[in-house]
Amino acid sequence: MSTTKEKPKDRRERLRQEEIKTNSASNIGDGFNRSHSGSFIDLVGSLSWKGTGTLIVIIIISYIIYSLLFN
């Protein structure tokens, strides 16, 4: 893939994905920081599949606890 024919949006996404692969320790922190100003897609995109699964499990467990306590 030539970088001269690459659109700026595609280049930014490619560089972001490369940074995620090389700096995996800060992905969770970056994801939660992006969630304050970004969308859910930014949060999930920055986490690995394990992080995304953990986030979904936490949301489900939180909902179950909330429904048991306040019902």
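View 1. At 26% relative accessibility, R14 counts as partly exposed, a label for anything between buried (under 20% relative accessible area) and exposed (over 50%), worked out with a 1.4 Å probe and protein chains only. Keep in mind that this is a predicted model: local features need pLDDT of at least 70, side-chain atom pairs count only at pLDDT 80 or more, and totals for chains, interfaces and linings use all residues. Residues are numbered from 1 along each chain as its sequence is written, and side-chain values use heavy atoms, with hydrogens and water left out.

View 2. E6 sits in the segment before helix 1 (8-22); helices here are DSSP runs of H or I with at least four residues, strands are runs of E with at least two, and both are numbered from the N terminus. Is E6 buried or exposed? Its relative accessibility is 13%, so E6 counts as buried. E6 and R14 make a salt bridge, with the closest N and O atoms 3.0 Å apart; the rule asks for a side-chain nitrogen of Lys or Arg within 4 Å of a carboxyl oxygen of Asp or Glu. The side chains of E6 and R14 are also joined by a polar contact of 3.0 Å. That term covers a pair of N or O atoms within 3.5 Å; within protein, one must be able to donate a hydrogen and the other to accept it, and residues adjacent in sequence count only if both atoms are side-chain atoms.

**View 3. R14 and E18 on helix 1.** Here the side chains of R14 and E18 meet in a salt bridge, at 3.2 Å from N to O. Both R14 and E18 belong to helix 1, four residues apart, which is about one turn of the helix. E18 has 38% relative accessibility, so it counts as partly exposed.

**View 4. E13 and R16, another pair on helix 1.** The E13 and R16 side chains form a salt bridge, 3.0 Å from N to O. E13 and R16 are three residues apart in helix 1, again about one turn of the helix. A polar contact of 3.0 Å links the side chains of R16 and E13 as well. How exposed are the two partners? E13 is partly exposed because its relative accessibility is 34%, and R16 is partly exposed at 24%. By the salt-bridge rule, the count comes to three.

**View 5. Y66 and F70, the aromatic pair.** Searching the whole structure turns up one aromatic pair. The ring centres of Y66 and F70 lie 5.1 Å apart with the planes at 45 degrees, so this pair is tilted. For reference, rings of Phe, Tyr and Trp (its six-membered ring) pair if their centres lie within 6.5 Å; planes under 30 degrees apart are stacked, over 60 edge-to-face, and the rest tilted. F70 is found in the segment after helix 4 (49-69). Its relative accessible area is 64%, so F70 is exposed.

**View 6. A nonpolar surface patch.** Which residues make the nonpolar surface patch? They are I56, V57, I60, I61, Y63, I64, I65, Y66, L68, L69 and F70, and the patch covers about 1,200 Å². Patches take residues with over 30% relative accessible area and no salt bridge, joining like charges within 9 Å and nonpolar side chains (Val, Leu, Ile, Met, Phe, Trp, Tyr) within 5 Å. Areas come from the Shrake-Rupley method with a 1.4 Å probe; for residues, only the protein chains shown count as cover.

**View 7. Stepping back to the chain.** The chain has four helices and zero strands, running α-α-α-α from the N terminus. Of its 71 residues, 14% count as buried. Its accessible surface comes to about 6,000 Å², and 63% of that belongs to carbon and sulfur atoms.

View 8. The mean pLDDT of the chain is 77, with 62% of its residues at 70 or more; pLDDT is the predictor's confidence in each residue, from 0 to 100. Confidence is lowest in helix 2 (residues 27-37), at a mean of 61, and highest in helix 4, at 90. Where pLDDT is low, the predicted coordinates should not be read in detail.
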